[in-house]
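Subject: Structure handover

Hello,

Here is the structure for your files. My notes follow below it.

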Amino acid sequence: MKRRDFVTRIIVAGSALSMGVSCGRKIEGDQQETPTPLSDPTEPQRTITEPAREIPVIAETDVLVIGGGPAGVAAAIAASRAGAETYLVERYNHLGGLWTGGLVLPLLSTHAVDKQKRRKQVIHGLGGEMAQRLFDMGMAIHEVNPIIDPEAGKYVLDEMIVESGVKMLYHSWGVNAIMEGNTIKGVFIESKSGRQAVMAKVVIDCTGDGDVFHWAGESYETMNYHIGLVHRLGNIDRIDKNRPGYKEMPLGQPTPIPSVNWVNMHGLNDQDGIDMQNLSELQLQYRKEIWESVEEIKKVPGHENVFLLDTASQMGVRMSRIVEGEYKLTLEDSMTFKQFDDVIGISGAWTSMLYKGNKVLAYERPLWQIPYRSLLPKKTENLLVAGRCFCFEQALVEDTRIIGTCLITGHGAGAAAAIAANDRVTVREIDRQKLRKTLEEQNVWFG
Ligand SMILES: Cc1cc2nc3c(=O)[nH]c(=O)nc-3n(C[C@H](O)[C@H](O)[C@H](O)COP(=O)(O)OP(=O)(O)OC[C@H]3O[C@@H](n4cnc5c(N)ncnc54)[C@H](O)[C@@H]3O)c2cc1C
């Protein structure tokens with residue numbers, strides 16, 4: 001286990017755009033002790049053999065989605081609406097993943113520029129429907145890249161899952177793939193009910209971290225990146241700017257609830273998001289830093305009533321595994337209007353990018369197509385991958401990991417899985433024209 005230097009932490013003041021830069025208040029967290037590793041990293045790992053046992057099969061279904069983040073919810077609803085019996089497994093007690101439980105509230109990349117240089121809304125389909133329902137409730141602000149309320153988000157996603165007939169399994173971890181040769185046949189899950197199996201014609205990996213394709217023995221890259229922990233502040237509307245000694249503090253960004261701001265955290269770079277001990281250390285450190293930073297804010301005149309409303313229940317892992325798929329989407333593809341005959345949707349842009357030595361500003365960046373082949377792992381049959389771990393080159397990560405893109409890849413994977421199950425073919429064999437037609441019927445925008 002690698003020991004890290006906890007000398008400084010940067011908490012980024014709210015703005016989604018600030019995810020890529022280090023601005024905002026800087027908290028000196030020096031002289032903090034790194035917790036002792038659970039085992040000595042220089043010693044060989046001790047192992048123990050678990051006895052074989054009979055596992056109850058609790059369902060045999062058409063489509064099984066593991067992970068209920070933006071990608072997983074879109075995948076499950078799309079599959080169910082396309083006529084497939086669908087199960088959705090989520091380890092926590094809410095849907096939305098980092099969008100809600102991670103308190104990452106802006107749905108970014110909703111817009112981009114077309115060939116005629118017109119700025120267009122690109123996220124329609126299920127992502128557009130979710131945003132519209134939240135706007136209608138007064139629980140989303142800003143037409144471009146809307147910021148939502150997380151509890152309203154959880155409520156709306158629950159409603160949509162129930163309405164679409166998806167069978168929801170909360171409080172359940174996917175823990176291993178059930179394989180027959182190169183074909184995935186289902187997933188073992190673990191919960192308070194014990195270890196159980198869900199068998200499926202098609203499985204969709206929406207865990208964000210690629211847990212399922214890892215168990216299936218698929219090839220992948222790993223990407224260590226920034227891990228943060230988002231929090232929210234309350235009583236923002238009770239700040240008294242007339243108090244003697246008042247000075248402006250970095251307090252994040254507004255949310256649909258006027259008294260509440262959300263505060264993003266860039267966090268440490270080069271972090272391993274699938275190392276449990278690393279996550280545990282970061283959790284302890286970040287929560288302490290956030291608590292102490294809010295205590296400091298309260299001491300600044302005018303800010304006495306500000307309080308820490310909550311820290312995110314999901315740790316802010318930005319990247320971990322990236323599957324080796326049939327097609328690796330590139331930055332060049334995203335900058336040059338590359339056309340794919342198996343396009344499943346179009347995503348947008350939220351940040352400026354360096355491309356061939358030139359800075360392309362966020363509001364000038366082109367819309368870009370996502371091909372179905374990027375969701376298809378190279379080896380495993382009847383497995384699809386959607387969300388922040390589908391197949392792309394790392395130079396494109398700031399676009400591919402964004403909620404708008406995850407909703408598009410999830411939607412495409414769900415519709416494809418339903419077609420494969422209904423037509424009794426593998427996900428590699430499905431009729432791509434039929435996929436496009438199904439997605440168009442479900443309001444996905446193709447330009
Ligand atoms: C700090 C931070 C700030 C960000 N800011 C923004 C922003 O402003 N706007 C934006 O658009 N994007 C932002 N992002 C990126 C974006 O939030 C995520 O990349 C996106 O939510 C990924 O969606 P996903 O569905 O692929 O995965 P996730 O959102 O990670 O969802 C995965 C889901 O699967 C569940 N799961 C995982 N493993 C298992 C398992 N084995 N069994 C059962 N369930 C499992 C998880 O509990 C989770 O609910 C940010 C990310 C971070 C970390």
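The lining of the largest cavity has two nonpolar residues, no polar ones and four charged ones. Here Ala, Val, Leu, Ile, Met, Phe, Trp, Tyr, Cys and Pro count as nonpolar, Asp, Glu, Lys and Arg as charged, and the others, Gly among them, as polar.

This is a predicted model: local features need pLDDT of at least 70, side-chain atom pairs count only at pLDDT 80 or more, and totals for chains, interfaces and linings use all residues. Residues are numbered from 1 along each chain as its sequence is written, and side-chain values use heavy atoms, with hydrogens and water left out.

The lining residues are D341, D342, V343, R432, L435 and R436 (each with an atom within 4 Å of a cavity point; on a 1 Å grid over the protein atoms alone, a 1.4 Å probe fits at these points but cannot get out). Helix α9 (residues 432-441) gives the most, three residues. Helices are DSSP runs of H or I, at least four residues, numbered from the N terminus.

Next, the domains. Domain 1 covers 8-29 + 236-309, and domain 2 covers 57-107 + 123-223 + 319-325 + 372-441. The bounds come from an automatic or database domain assignment. Eight residues from domain 1 and 16 residues from domain 2 make the contact (heavy atoms within 4.5 Å). The C-alpha centres of the two domains lie 31 Å apart.

Last, D211. It sits in helix α4 (residues 211-215). Leaving aside neighbours within four places in sequence, D211 contacts D205 and R321.

Best regards

Technical notes: Helix = DSSP H or I, 4+ residues; strand = E, 2+ residues; numbered from the N terminus. 1 Å grid on protein atoms, 1.4 Å probe; cavity = no way out; pocket = protein on both sides within 12 Å on 5 of 7 lines; lining within 4 Å.
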